[in-house]
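Here is a short report on one protein model. Look over the sequence and the fold, then read on.

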Amino acid sequence: MLDIFYKQYNKKASDLVEILNEDYEETLHIIVNKKSKINTIEDLNGKTMVCGGKKSGNSVTAAYVEQNYNIEFGKTLELSIKEGLDLLEKGKIDVVFYVTRAPSSLLLKYQNLKLLEVDKEITTNKHIHTTTLSKSTYTFLHNDIKTYAIKSLIIGKKDSNDIDKLKSMAKNTDLQSNYFYMISLNSETLIAYNRKYGNKAIVRLDFVNNNLEQLVKKDNVYKLVKVH
């Protein structure tokens with residue numbers, strides 16, 4: 001997200017922040033009702049989704065999936081993951097996007113679920129890659145499934161006077177207890193976009209920027225078709 005908003009200064013996030021520590025991987029769970037006729041990600045087009053809120057971290061990954069599979073959710077409800085799963089079991093919504101360490105203690109409480117498998121690489125974000133969830137992870141899984149994984153990161157401001165202290169803290173931080181010590185750069189533009197549109201809009205803006213950059217050397221007709 002920082003890359004998008006610092007382009008106006010001809011800088012990248014790596015010029016301004018650095019990763020202090022990397023720890024365990026979290027995996028994307030694309031969850032639908034076991035009785036649902038939804039069997040592929042493409043089937044989610046126009047469907048009602050819960051991801052913990054439009055400003056949640058889950059919403060960023062959900063937006064990358066939308067872009068990668070050329071789909072668009074019909075509605076995103078501002079509900080917690082727990083509320084979403086309860087509605088999903090009752091057949092009141094279509095899908096829950098949940099990025100968490102596997103196995104998730106929350107998901108272990110449910111039985112009437114199934115997970116959708118991914119079949120495409122996400123190449124527009126270097127932090128997202130494919131992984132495999134073993135069928136032994138959850139009782140409702142009948143076979144291994146491929147999904148996306150995201151590493152949890154601790155990020156600090158580059159060249160900070162306290163960077164050595166922060167690195168020491170990061171190494172000693174128990175990320176397994178879901179505690180994150182994060183220092184981020186303030187950006188009025190980022191805050192404004194987040195407040196009005198949520199994280200999904202930021203991902204879409206990044207998608208547009210990346211595509212426009214690829215069109216720079218193309219002829220005008222090609223540019224017009226792609227932009228349209």
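In which helix is the place of Asn199? Asn199 sits in helix H7. The model is predicted, so read every value below as computed from predicted coordinates.

**Asn199 and its contact across the chain**

Asn199 has a relative accessible area of 6% and is therefore buried. The cut-off for buried is under 20%. Ser59 lies 140 residues away from Asn199 along the chain. Even so, the C-alpha atoms of Asn199 and Ser59 are separated by 6.2 Å.

The patch is made by Phe207, Val208, Leu212 and Val227. Its area is about 330 Å². Val227 belongs to helix H8, residues 220-227. Is Val227 buried or exposed? Val227 counts as exposed because its relative accessibility is 55%, and the cut-off for exposed is over 50%.

**A negative patch on the surface**

Charge gathers on the surface as well. Glu42, Asp43, Glu117, Asp119 and Asp144 form a patch of negative charge there. Asp119 is placed in a loop. That loop runs between strand S5 (113-115) and strand S6 (128-133). Asp119 has 57% relative accessibility, so Asp119 counts as exposed.

**Aromatic pairs**

How many aromatic pairs does the structure hold? There are two. A pair of aromatic rings is described by the distance of the centres and the angle of the planes. The table gives both values for each pair.

| Pair | Centre to centre | Angle of planes | Type |
|---|---|---|---|
| Phe73 and Phe97 | 5.4 Å | 75 degrees | edge-to-face |
| Tyr138 and Phe140 | 5.1 Å | 5 degrees | stacked |

Why is the pair of Phe73 and Phe97 edge-to-face? The planes of Phe73 and Phe97 stand at 75 degrees, so the pair is edge-to-face; the cut-off for that type is over 60 degrees. This pair links distant parts of the chain, with Phe73 and Phe97 24 residues apart. Phe73 is in the loop between helix H3 (57-69) and strand S3 (75-77). Phe97 is in strand S4, residues 95-100. Both Phe73 and Phe97 are buried.

The pair of Tyr138 and Phe140 is stacked, with 5 degrees between the planes. Tyr138 is buried because its relative accessible area is 2%. Phe140 has a relative accessible area of 4%, so Phe140 is buried too.

Methods: Residues numbered from 1 in each chain as written. Predicted model: local features only at pLDDT ≥ 70, side-chain atom pairs only at ≥ 80, totals over all residues. Heavy atoms only, no water. Patch = residues over 30% accessible without salt bridge, like charges linked within 9 Å, V, L, I, M, F, W, Y side chains within 5 Å. Areas by Shrake-Rupley, 256 points an atom, 1.4 Å probe, with all protein chains shown as cover. Salt bridge = Lys/Arg side-chain N within 4 Å of Asp/Glu carboxyl O. Lys, Arg positive; Asp, Glu negative; His and termini not counted. Charge placed at Lys NZ, Arg CZ, Asp CG, Glu CD. Helix = DSSP H or I, 4+ residues; strand = E, 2+ residues; numbered from the N terminus. Buried < 20%, exposed > 50% of the residue type's maximum accessible area, 1.4 Å probe, protein only. Phe/Tyr/Trp six-rings, centres within 6.5 Å; stacked < 30°, edge-to-face > 60°.
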